[in-house]
Amino acid sequence: MKKRIYLITAALCCGVLVSASTSNAQKAGGMSKVEAISQQLDLTPQQKLKILPILREEAPKVEAIKNDNSLSKIQKVQKIRAIHQQTDPQMKTILSQEQLQKLKAIRQQAIRDATQTYGR
């Protein structure tokens, strides 16, 4: 009887750990995209402090649009561009012209990805 209880307890613990690690991996995947953008833009430490919160707020919204199969390709492009337009004024005050151009290219790629990979 004790062995059975031990096995059930061990199985439940393993299930919880697997579930937690999957959830953390998904969150880390979203954060790694933000970190990748930060590295591509070659941000200074001061810029990173200002830009990362903006990107972290923007990323899940863009991902939700990418994954929304009820939207047409055009609707996805429009919605993603609207999100980018909301944060552009903040970005322009923080980034250099070169960094803004890189960000524009990164965002254009995100739009292409949304319409090719997930679009109808």
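Q: At roughly what angle do the axes of helix 2 and helix 3 cross?
A: In this predicted model, the axes of helix 2 (residues 45–66) and helix 3 cross at roughly 175° and come within 10 Å.

Q: Why are helix 2 and helix 3 called roughly antiparallel?
A: Angles over 145 degrees count as roughly antiparallel. The two axes cross at roughly 175°, so helix 2 and helix 3 get that label.

Q: Which residues of helix 2 and helix 3 meet?
A: On the helix 2 side, they include I51, I54, L55 and E58. Among their partners in helix 3 are I80, I83, H84 and T87. Sorted by class, this contact has nine nonpolar, four polar and six charged residues.

Q: What makes E35 and R56 a salt bridge?
A: The cut-off is a side-chain nitrogen of Lys or Arg within 4 Å of a carboxyl oxygen of Asp or Glu. For E35 and R56 the N to O value is 3.4 Å, so the pair qualifies. A search of the whole structure finds eight salt bridges.

Q: What does the pair E35 and R56 tie together?
A: E35 sits in helix 1 (residues 2–40) and R56 in helix 2, so the pair links parts 21 residues apart in sequence.

Q: Which elements give two or more residues to the lining of the second largest pocket?
A: Those are helix 3 (73–94) and helix 4 (97–117). Helix 4 gives the most, with eight residues. The lining has 13 residues, with D88, L100, L103, K104 and R107 nearest the pocket's centre. By class, the lining holds three nonpolar, five polar and five charged residues.

Technical notes. Residues are numbered from 1 along each chain as its sequence is written. This is a predicted model: local features need pLDDT of at least 70, side-chain atom pairs count only at pLDDT 80 or more; totals for chains, interfaces and linings use all residues. Side-chain values use heavy atoms; hydrogens and water are left out. On a 1 Å grid over the protein atoms alone, a cavity is a set of points where a 1.4 Å probe fits but cannot get out, and a pocket is an open set with protein on both sides within 12 Å along at least five of seven lines; lining residues have an atom within 4 Å of a point. Helices (H or I, at least four residues) and strands (E, at least two) are DSSP runs, numbered from the N terminus. Ala, Val, Leu, Ile, Met, Phe, Trp, Tyr, Cys and Pro count as nonpolar, Asp, Glu, Lys and Arg as charged, and the others, Gly among them, as polar. Axes are lines fitted to C-alpha atoms, for helices over the stretch in contact, and angles run from 0 to 180 degrees between N-to-C directions. Angles under 35 degrees count as roughly parallel, over 145 as roughly antiparallel, 65 to 115 as roughly perpendicular and the rest as oblique. Contact means heavy atoms within 4.5 Å.
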